[in-house]
Amino acid sequence: MALRPGTVLYHLREAGLSIIRNGWLALASTGVVTVALLIFGGSLLFVLNTHHVIGDIESKVEISVFLKSDVSPRDVEALGTRLQQRPEVAEVRFISKEEALQIVKQDLGDKADLLAGMEKDNPLPDTYRVRTHHADQVAALAAEVATWPGVEQVRYGQEVVERLLAVTRWARLVGAGAMFFLAGAAVFLIATTIRLSVYARRREISIMKMLGATNWFVRSPFLLEGVILGLTGGLVAVGLTMAGYFPLVSVLESALPFFRLVSERQVLLPVFGGLVLFGLILGTLGSFISVHRFLKV
Amino acid sequence: MLQLYNVTKIYPNSIPALLDVSLRIQRGEFVFLVGPSGAGKTTLTKLILREELPTRGQILFNGKSITRLRPSEVPYLRRRIGVIFQDFRLLPNKTAYENVAFALEVTGASRREIRRAVPAVLARVGLADRAHLFPAQLSGGEQQRVCVARAIVNNPLLLIADEPTGNLDPENSWQLMRLFEEINRGGTTILMATHAWDIVDQMKKRVVALSHGRIVRDEQEGAYGYGA
Ligand SMILES: Nc1ncnc2c1ncn2[C@@H]1O[C@H](COP(=O)(O)OP(=O)(O)O)[C@@H](O)[C@H]1O
Ligand SMILES: [Mg+2]
């Protein structure tokens, strides 16, 4: 069938009239699409930001290389040189056991006298603090350095990173579950709306078939109706998400300067575009189901 | 142009609605299909329009098998056949003009074609001045003429009318018959199922009589016949 502008306009007008006629049901199906996509968008942004934070932490992660207490000063120095020569290492700092004790004392503040007398028998090890060029080099380097002679233990911000990853796993799971359920409900509601439209226009449909309309011509307004409902739901969801997210970004920016939410356009645009696309898919799916089940020709 | 070969139609759980019907209609003919209620007249029109498939037998329209059409080809068959019903089947929320234009719109015709064809065909059925009235504002006879305009606006090869005078008074029925004759003179083949014996008797056209799903009579310049 040739898609003439007149034909497209005809389908659009028919779809619009159907939506108005369906009133509350059309509103409800759009609403459910919106809620499903809000949850989807919300969890997506949450996961995105947690990953952002993880990246932040990882890039600041230092490897602490604790040395054995019986290592000679010459070997300590040799270890430092060996670290420095690694291509992935950006910076190496040596913290002697005396400095380490100073730091602990500073941290304790007025309770520093708890450590009185420790200078004589300092239990803290000599330490190298190592920074890598890239976060993804941390784990491998740490594992290797741990096997070097003279090294007692190697630690880095592993625990924090893993805890954050666990949180995002949960957020993903809960978000996906809720969204799956709501997406199903949205498709069902849209299918019901379209079924009512088909029913309301069954007379017209039988006349169209008698006049030689192709199946696609008969189905188009109904498919379009579903697409419009889904698309509207998607656009509303994006609007609401933006209205909620951007103020949050600026509030957090002034309240917690070190904790910055993702606000780059090239990251957010695919998220919002994806929401609209997802609404479109839900609408198309819902109307497809009804059109194929109730417009058998 | 239309050939039926040993066509039988049995609806599920039912006695045969058509039994071993063979029929040949030439281009340009005017054929009355008569017979009592339940004889199978409507079933025959449904088979030609591919609304139903025959249980057995073969139907050819314009040299092509109707029974073997793919579903996607059915719309194009229907565009070559105009249909008129007893109950009009007009869309109440469209004007006469829009109802006729609808037949062209569903085939994807351009606005220009529609603007050219619709006024012409409305004039042909004598409704030029009624174009912008809704079905409810038209008399029964006028509504049926809108249906005729809608059925012929695509220049069909065949015009099928299933009891088209069933809801019309004698005056309007005769007006419709004069219109049919005029359309038939233009070359369109007409197949009209009817109960109206007085019309059949006076028109002196070919008469095919059905009874219990069988063709019991087929006469040129026939009459409705006794007891049928
Ligand atoms: N859809 C159907 N299902 C079952 N039986 C049908 C159906 N349509 C028609 N029939 C039966 O087929 C026979 C012929 O009906 P029909 O073709 O409508 O006759 P007519 O138009 O001559 O009155 C009747 O006995 C009728 O009850
Ligand atoms: Mg009948």
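**Figure 1. Contacts and overall form of chain A.** Among contacts in chain A between residues at least 6 apart in sequence, those joining residues at least 24 apart make up 85%, where a contact means heavy atoms within 4.5 Å. The model is predicted, so local features need pLDDT of at least 70 and side-chain atom pairs count only at pLDDT 80 or more, while totals for chains, interfaces and linings use all residues. Residues are numbered from 1 along each chain as its sequence is written, chains are lettered from A and ligands numbered from 1 in the order in which they are written, and side-chain values use heavy atoms, with hydrogens and water left out. Chain A has eight helices and four strands; helices (H or I, at least four residues) and strands (E, at least two) are DSSP runs, numbered from the N terminus. The order of these elements from the N terminus is α-β-α-β-α-β-α-β-α-α-α-α. The radius of gyration of chain A is 31 Å, whereas a compact globule of 297 residues would have one near 19 Å; the radius is taken over C-alpha atoms, and the globule rule is 2.2 Å times the number of residues to the power 0.38. Along the principal axes, the C-alpha atoms of chain A fill a box of roughly 100 × 40 × 30 Å. Of the 297 residues in chain A, 41% are buried (buried means under 20% relative accessible area, exposed over 50%, partly exposed in between, with a 1.4 Å probe and protein chains only).

**Figure 2. Helices α7 and α8 of chain A.** The axes of α7 (residues 215-255) and α8 (residues 265-294) of chain A come within 7 Å and cross at roughly 150°. Because of this angle, α7(A) is roughly antiparallel to α8(A) (under 35 degrees counts as roughly parallel, over 145 as roughly antiparallel, 65 to 115 as roughly perpendicular and the rest as oblique). Axes are lines fitted to C-alpha atoms, for helices over the stretch in contact, and angles run from 0 to 180 degrees between N-to-C directions. The residues of the contact of α7(A) with α8(A) comprise 17 nonpolar, nine polar and one charged. Here Ala, Val, Leu, Ile, Met, Phe, Trp, Tyr, Cys and Pro count as nonpolar, Asp, Glu, Lys and Arg as charged, and the others, Gly among them, as polar.

**Figure 3. Overall form of chain B.** Chain B contains seven helices and 10 strands. Its radius of gyration is 17 Å, which agrees with the value near 17 Å for a compact globule of 228 residues. The C-alpha atoms of chain B fill a box of roughly 45 × 40 × 35 Å along the principal axes. Buried residues account for 56% of the 228 residues in chain B.

**Figure 4. Helices α3 and α5 of chain B.** The axes of α3 (residues 96-105) and α5 (residues 140-152) of chain B come within 8 Å and cross at roughly 25°, so α3(B) is roughly parallel to α5(B). On α3(B), B:A96, B:N99, B:V100 and B:A103 make the contact, and on α5(B), B:V146, B:A149 and B:R150. These residues divide into five nonpolar, one polar and one charged.

**Figure 5. Loop residues of chain B.** B:N13 is found in the loop between β1 (2-9) and β2 (18-25) and is exposed, with a relative accessible area of 83%. B:F88, in the loop between β6 (81-85) and α3, is buried, with a relative accessible area of 10%. Phi is positive at B:N13, near 50°, and at B:F88, near 65°.
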